[in-house]
Amino acid sequence: MKKSSYITLVLSTFGFLFLGLGMSMSLLPTWHLFQTGIVLGIIGLIILFITWLIYRRMTNKPRLNLNKRTIGISCLTFLGVMVFGLGMNLTMVYHQEILGIVIGTIGIFLLLALIPVTVGLKK
């Protein structure tokens, strides 16, 4: 295993662990740890961002070009994740199961739209 792959694996594990624990703490009202969960989730996102930067540096990837396509893909990703999270939040916290499932499904479809946008469709 390459050194860059191993470091990415370890840091990603910690980042997703913090993010998942923070989401669980925030979305389970019986724990009464909403603010702590938000902080842990943000720490997880920061760790994942740092992991991405370290991986790009270790594999000598070029700088990321910010053009209209990259910004559009980023906006679609953000929108899909937020809509999916809203559906999950409605289902788990506010007990609006039907509305949460419908909105979460729309978020999944937005995230699935990333495949043809980023990779493209081929015959």
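Begin by selecting tyrosine 55, which lies in helix 2; helices (H or I, at least four residues) and strands (E, at least two) are DSSP runs, numbered from the N terminus. This is a predicted model, in which local features need pLDDT of at least 70 and side-chain atom pairs count only at pLDDT 80 or more, while totals for chains, interfaces and linings use all residues. Residues are numbered from 1 along each chain as its sequence is written, and side-chain values use heavy atoms, with hydrogens and water left out.

**Around tyrosine 55**

Next, display the contacts of tyrosine 55, where contact means heavy atoms within 4.5 Å. Apart from neighbours within four places in sequence, tyrosine 55 touches Ser4, Thr8 and Lys61. Then draw a C-alpha to C-alpha distance from tyrosine 55 to alanine 113: the two are 58 residues apart in sequence and 26 Å apart in space.

**The aromatic pair**

Remain in helix 2 and select phenylalanine 49 and tryptophan 52. A search of the whole structure finds one aromatic pair, and phenylalanine 49 and tryptophan 52 form it, in a tilted arrangement with 5.8 Å centre to centre and 35° between the planes. Rings of Phe, Tyr and Trp (its six-membered ring) pair if their centres lie within 6.5 Å; planes under 30 degrees apart count as stacked, over 60 as edge-to-face and the rest as tilted. Because phenylalanine 49 and tryptophan 52 are three residues apart in helix 2, about one helical turn separates them. Phenylalanine 49 is partly exposed at 47% relative accessibility, and tryptophan 52 is partly exposed at 35%.

**Two pockets**

On a 1 Å grid over the protein atoms alone, a pocket is an open set of points where a 1.4 Å probe fits, with protein on both sides within 12 Å along at least five of seven lines; lining residues have an atom within 4 Å of a point. Grid points are joined across faces, edges and corners, and a volume is the space filled by probe spheres set on the points.

The second largest pocket has a volume of about 180 Å³. Select Trp52, Leu53, Arg56, Arg57, Lys61, Pro62, Arg63 and Leu64 to show its lining.

The largest pocket has a volume of about 820 Å³. Of its 29 lining residues, Leu19, Met23, Met82, Gly85 and Met88 are the closest to its centre. Helix 1 (3–27), helix 2 (34–58) and helix 3 (68–92) are the elements that each give two or more residues to this lining. The largest share, 11 residues, comes from helix 3.

**Helix 3**

At 1.5 Å times one less than its number of residues, its 25 residues should span 36 Å, and its end C-alpha atoms are 36 Å apart, which agrees. Its buried residues are Thr70, Ile73, Gly80, Val83, Gly87 and Leu90, and they pack against helix 4 (97–112) and helix 5 (114–118).

**Serine 26**

Finish at serine 26, in helix 1. Serine 26 is buried, with a relative accessible area of 12%. Beyond neighbours within four places in sequence, serine 26 is in contact with Leu33, Phe34, Gly37 and Ile38.

Terms used
Buried means under 20% relative accessible area, exposed over 50%, partly exposed in between (1.4 Å probe, protein chains only).
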